Amino acid sequence: MALAIIIMAAGKGTRMQSDLPKVLHPANGKPIVEYVIHTAESLMPEKTVLIVGHRAEQVIEAMAMFPVVPVLQQPQLGTGHAVMQAEPALGGFSGDVLILSGDAPLVRRKTLAELIAFHRQEQARATVLTAELDDPSGYGRIVRNPDNGEVLRIVEHKDATAEERMVHEINSGVYVFDAEVLFEALKEIRADNAQGEYYLTDVFGICFDKGRKVCAWKTGHADEIRGINTPEQLLEAERILKLPGYERG
């Protein structure tokens, strides 16, 4: 089955305390989004779309040597809105769409390949990569049916109830969708949440409500899904990337 990839790289990265776009901050001398692009390309996608926003021209110029199609998100109205912008660039693509975060350079090809294989084996229409964290604060939570373990929805931390915040299984921001189902569901999402944004995660609830199969695949390597939002997190990512035997392939 065909694969397309969307890399989210539009954010400003206010907490990085720098005017440089977040995804261009270097880890061991290489922009963090470059790690993501290399991993994406190793999966042999039919097309890779790079969603840009903050200082878009700077990001496009820095990544010009890679086989990615830049798509502008302006204004930036959330993750769901970002993926909406990619639909014209995919031009009627039929197959699976893998969505990655441009600020998460530690994810490995092996993990993504296993996620895609699980999605296809289960004949799911939407699958999220998850992990268990001792401290899930700030992350979206995976809400499952207690009877059968099915994914009911993904709740952002700011919108979660006290009970939902007790959940330790978190959303990594990595997803696989059936392309047709994804773009159909995106037409139904609304910005009625604490952030006033269009959440990509709302696609899971829409799919579930329509009887379409949604799944979660949990990795045992939580380090891989770390996003970089602060200088301290960047230093930690650099440390992990330098570990002997740490293989991203």
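## Pockets and salt bridges in a predicted model

The largest pocket has a volume of about 1600 Å³. In this predicted model, local features need pLDDT of at least 70 and side-chain atom pairs count only at pLDDT 80 or more, while totals for chains, interfaces and linings use all residues. Residues are numbered from 1 along each chain as its sequence is written, and side-chain values use heavy atoms, with hydrogens and water left out.

**The largest pocket**

- A pocket here is an open set of points on a 1 Å grid over the protein atoms alone, where a 1.4 Å probe fits, with protein on both sides within 12 Å along at least five of seven lines; lining residues have an atom within 4 Å of a point.
- Its volume is the space filled by probe spheres set on the points, which are joined across faces, edges and corners.
- The lining of the largest pocket counts 50 residues, and K22, T79, D103, E156 and N229 lie nearest the centre.
- At least two lining residues come from each of β1 (3-9), α3 (79-90), β6 (96-101), β10 (169-178) and α7 (231-241), and β10 gives the most, with 4 residues.
- Helices (H or I, at least four residues) and strands (E, at least two) are DSSP runs, numbered from the N terminus.
- By class, this lining has 19 nonpolar, 21 polar and 10 charged residues (Ala, Val, Leu, Ile, Met, Phe, Trp, Tyr, Cys and Pro are nonpolar, Asp, Glu, Lys and Arg charged, and the others, Gly among them, polar).

**The second largest pocket**

- The second largest pocket holds about 160 Å³ of space.
- Its lining includes R153, E156, D192 and Y199, and divides into 3 nonpolar, 3 polar and 5 charged residues.
- β9 gives the most to this lining, with 3 residues.

**Salt bridges**

- Now for the charged pairs: the whole structure has 15 salt bridges (a side-chain nitrogen of Lys or Arg within 4 Å of a carboxyl oxygen of Asp or Glu).
- E122 and K213 meet in one of them, at 2.9 Å from N to O.
- E122 sits in the loop between α4 (109-121) and β7 (126-132) and K213 in the loop between α6 and β11 (214-218), so this pair ties together parts 91 residues apart in sequence.
- E122 is partly exposed at 24% relative accessibility, as is K213 at 38% (buried is under 20% relative accessible area, exposed over 50%, partly exposed in between, with a 1.4 Å probe and protein chains only).
- R226 and D223 form a salt bridge too, at 2.8 Å from N to O.
- Salt bridges with shared partners join E184, E188, K210 and R212 into one network.
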